[in-house]
Structures are given as structure tokens and as C-alpha cells.
Amino acid sequence: MSLNEERRGACTSKPLADQRILDPYGVKKWIALAGIFLCHVALECAVGVTGGVGARLVSDYGINPADVGVLASASFLTGAVFAIPFGVLGDKIQVSTAMKIGALISLAGVWMRVAFYPTGQFWLYYLATFVIGFGLAGLNANSLKYLSLWFKNRIALAMGFYVAGAPVGITLGVQFPALFESTMAVLTATSVVSTVGVLCFMLLGKTPQKAAESAGSHIGISEYLAVFKRPWVWIASLVIALPMGAGTTFASSLTAAVVASKGVTEIFANNMVTLNSFGMMTVSILFPFVLEKIGMKRTQACILSGCLCIFLICVFGWFIPNGELVVLLLGITGFFNGVVNPLGKALLGMLKEIIREPEIMGVAGGLQATLQNLGAWLIPVLIALGAGSNNYALFAITGIVYLAAGIIAFAIPRRLISFDKQ
């Protein structure tokens, strides 16, 4: 090779090296992550505000506290019904586009709620909340594929940020009523925040160029149906569905149960609920950094360890004589949830059978999101039926559900999971 040819090769290789650094493994993937995080915060805020104004709705609509829970859970029902269609859509078109469609429908629901609230009609508020759930259906069904395209199978860190958007958004929604005396003002402020978050995703949420060019692959119905015949896809999906249902029970029942049984004040109990959310939020973001250091091969062990800690606190911590210490321990479970939830959500994307066939990752994520939403909607009902008025049984069953999730995660053969960098 001549000197001139060597120089030409050096000149052409440098831009290629720069391109490899910047796309998709550089700044762009963090911008894409910021977009989906802000959208998740915005939509969870729109859902969480119903709990924040729950006492006002009881008075304004003439309903009981249980009906507030029905209103708040409407978005979970949307996710259970529409997650798989959104997952299929994410396989057929650009995955970011599928999520943006759902987010825009949610935005319509957020402003519908503002318009419907003055009517005093329960079913109209419920309808608007159901419509808000379309965005979360699109995000939860396609977040796995979206983040995998940017981060490959090393998505635990990215999923940690995504999952943290839920407690951040819910906390915002719950806190808005303290800022405004008018419920109409609360719902309007929530709508503005939701609009800003969705618009951020419209600008920042992109599909990697190579994946965008291959979108719309000709996958037949038989290939999609075959996904539902893969047992490890179902099992990996249960690893997030069970904690989601148990966590919903935990968050909604903690204050009422401990005030009645442990002699603590409502303020102290609510502070422990806040501690629970804070713990989940911070650990969801920070622990994946730790996992990268100690090794991704410990993913299943970390899920099981987190579930085991929650199980022990729920089942045995209740018998500690000091009521405030018991409630403090229950509040601390949020830190272990911060380990379980993002890793449980990411586990499906680490299955080799899914990595080898990214074109069906959307429908697999849709199945996961369906079970996740069904868990959040159905498991609290089943736990309530099993526990009755026994508050100890309520937490004991919740702990057992967590432990089951950890055991299921550890039951997946390690040879079926990819822990190597790609």
C-alpha cells in the first residue's frame, strides 16, 4: 500500500470512529432516555393527581373513598387492554412513533378531564382517566424495545431511570392539591405539566437511525402468535407483574393499616409512604450503576435479595413491639423496591431469544405490560379478599407475592440470559 493510500485510509477511518462514538452509544442515547423519562413523569403525574384530590372528589361527586380507588385504577385497565396492540404497533412502525401516538391520546384525556370536571359526572371523570391510560400503555409496552435499541442488553441503568419516573410523577400529582385551593386549578396545572412533558418527548424521543430504517418489517400474524407460546417470556413478565400488584397494595393500604393497628399518627404514616416512594426513586436510578460494577450476572440474585428483604419485613417486622419502628421498616421497603422493579422490568430484554429477534420485541413488551397492568389492577383485589380485615395478613400476603417474584426470576436458567456487553 502506498503512502497516499495509507493517508486516505486514515482520513476515512477517523470520521467512522467518531460516528461509532456518537451514535448510538454517546450523547444521543441519553437524550432519548431523558425524553422518555420526562414523558413518564408527565403521564404518572396526570394519574397520581386523582389520589391527591381524592377527598375533594368524595365531596364534589358524592362518592365514597373506595370509588376514588376505582377512578385512580382506570388507567391500569387501559394498559391491560391496549398494551399488546401498542406493542404490535411498535414493531410495525418506529417504536418512538408508537409511543408518541399513545402520549398524544393521553394528552387529550388530560384536557378532557379539565373540561368534564365541572359537570360533576363520575363516569365522565372515569372516561377521561381511562383515556389518559393510553399513553402509559404505549410507554410500558414499548419502553423495553425503545431502551434496548439504544442501550442493547445493558438496559438496567436506563430502565432504572424510566421506572423512577413513576414515583416522581405520582409525587408531583399528589403534591399539587397543596398549592391550589381550587380543584379546577389543580387539574389545569397538572394538564400544563403533562403537556410540557409530552412535548419534551416529541422533541427528544427518537428511534436510532438504523432501527428506524428497518421499521415496518413484514412480520406475519403467526410470528406474533408464536411469542405467546414462549414460556420464558411469560415467566420474565411475571417478575415485574407480581411486584407491581404487591406494590400497589402496599402503597394504597399502608397508612390506613398502620394507623389502625400500630398506634401511629396519620402524619407519620404518610411520611413513611413518602419515604417509600423516595427510596424507590433514588435506588431505581443509583443501583443499576452498582450492578454495572459488581457484574450483570448478579441480576437475578439482586432481584431475589430485594424481594426476600421485603418479604422478611412484611412477615416478621409486624411483630416488633414499637409501632413507629415497624412503620419505619415498612417505609424502608421502598429502597428494596428500587432494586426489584427496574431489574424485573429489564429482565425480559436480557433473554437471548428476545435479543436475537428484535422485530418481535414490541409484542413481547406488550405482553409484559399487559401482565404488569393486570397485576396492578387485580392483585390488590385478590390480596384484599384473602386478608379481609386482618392487617397483618394483608402485609404477610403482600410479602409472599414479592418472594414469589424473586423465586421466579431466579428460576430462569442463566444460559437463557445475556449478561455480556453488546
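A residue counts as buried here when its relative accessible area is under 20%, as exposed when over 50%, and as partly exposed in between (1.4 Å probe, protein chains only). What you're looking at is a predicted model, where local features need pLDDT of at least 70, side-chain atom pairs count only at pLDDT 80 or more, and totals for chains, interfaces and linings use all residues. Residues are numbered from 1 along each chain as its sequence is written, and side-chain values use heavy atoms, leaving out hydrogens and water.

Start with the overall picture. The protein has 18 helices and zero strands; both are DSSP runs numbered from the N terminus, with at least four residues (H or I) for a helix and at least two (E) for a strand. Of its 422 residues, 52% are buried.

Now for the charged pairs. Side chains of opposite charge can pair when their charged atoms come close. Searching the whole structure turns up three salt bridges, each a side-chain nitrogen of Lys or Arg within 4 Å of a carboxyl oxygen of Asp or Glu.

One of them joins Asp-91 and Lys-145, at 2.7 Å from N to O. Asp-91 sits in helix 5 and Lys-145 in helix 7, 54 residues apart. Asp-91 is buried at 3% relative accessibility, and Lys-145 is buried too, at 8%.

Arg-230, meanwhile, belongs to a salt-bridge network with Glu-353 and Glu-357. Its N to O distance to Glu-353 is 3.5 Å. Glu-353 is buried at 17% relative accessibility. For Arg-230 and Glu-357, the closest N and O atoms are 2.8 Å apart. Glu-357 lies in the loop between helix 16 and helix 17, and Arg-230 in the loop between helix 11 and helix 12, so this pair ties together parts 127 residues apart in sequence.
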